Amino acid sequence: MNSGVLRQRPLPSGWGVLTILVLLLVCAGSLAPQATISAGPLLLHQVRTIYVAPSSDDFVLLMKARLEKWTVVEIASKPEEADAILTCQTESAVVPAKVAVRRMIAEVTLLDRRSQKIIWKTTKSSFSDRTILADDILEQLKQDWRRSVVAY
């Protein structure tokens, strides 16, 4: 008596594994065109656009003016248009001496916009003019950028 039910014979174990591998290869091929997003920060030399975060201190304007003259990077008008975000924090203090001297400390950080991880950071201080301090910081950035290219 035939009930109309087909009897399936189990595939030999080698065929089952082969079937799974073929399915995995087909799936992997269809996923290949998708972009991957790095969870880590960009390397310094990969930064092409920088958004300069606003600050209550006008030192950030000195940094922005210097960055605009550096032809390696462009300044973005919005954070979402940039590869990295530059922030500046400054502190000044009067150093007691025969003549009172003002010392300024600036901490400049470049963050990967996507991962929010630090790409580059420096802290410098100066007893001289703020413009000289901004020049020193930008020169440090340029040197580190060149080292990043060579190391890569």
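**Salt bridges, accessibility and a hairpin**

Modeller: Glu139 and Arg146 form a salt bridge through their side chains, with an N to O distance of 3.6 Å. Bear in mind that this is a predicted model.

Colleague: Why is the contact between Glu139 and Arg146 called a salt bridge?
Modeller: The N to O distance is 3.6 Å, and the rule asks for a side-chain nitrogen of Lys or Arg within 4 Å of a carboxyl oxygen of Asp or Glu. The pair therefore qualifies.

Colleague: Are Glu139 and Arg146 buried, partly exposed or exposed?
Modeller: Glu139 has a relative accessibility of 35% and Arg146 has 45%.

Colleague: How many salt bridges does the rule give?
Modeller: The count is 6. One of them joins Asp57 and Arg130, at 3.0 Å from N to O. Asp57 lies in the loop between strand S1 (49-52) and helix H2 (59-69), while Arg130 belongs to helix H3 (residues 130-151); they are 73 residues apart, and the pair links distant parts of the chain.

Colleague: What makes Asp57 buried?
Modeller: Its relative accessibility is 18%, and buried means under 20%, so the label applies to Asp57. Arg130 has 28%, which means that Arg130 is partly exposed.

Colleague: Which residues are linked in a network of salt bridges?
Modeller: The network is made up of Asp57, Asp58 and Arg130.

Colleague: How do you know that Glu107 and Lys121 form a salt bridge?
Modeller: Their closest N and O atoms are 3.9 Å apart. The limit is 4 Å, so the pair counts. Glu107 is in strand S4 (residues 101-112) and Lys121 in strand S5 (residues 118-126), 14 residues apart. Glu107, at 26%, is partly exposed; Lys121, at 45%, is partly exposed too.

Colleague: Why are S4 and S5 said to pair?
Modeller: S4 and S5 share 8 bridges in the antiparallel sense. Pairing requires at least two bridges, so the two strands pair. Met104 stands opposite Ser126 in S5.

Colleague: What do S4 and S5 form, and how many residues are between them?
Modeller: They form a hairpin with 5 residues between them. In the turn, Gln116 has a positive phi of about 60°.

Technical notes
Residues are numbered from 1 along each chain as its sequence is written. This is a predicted model: local features need pLDDT of at least 70, side-chain atom pairs count only at pLDDT 80 or more; totals for chains, interfaces and linings use all residues. Side-chain values use heavy atoms; hydrogens and water are left out. Helices (H or I, at least four residues) and strands (E, at least two) are DSSP runs, numbered from the N terminus. Buried means under 20% relative accessible area, exposed over 50%, partly exposed in between (1.4 Å probe, protein chains only).
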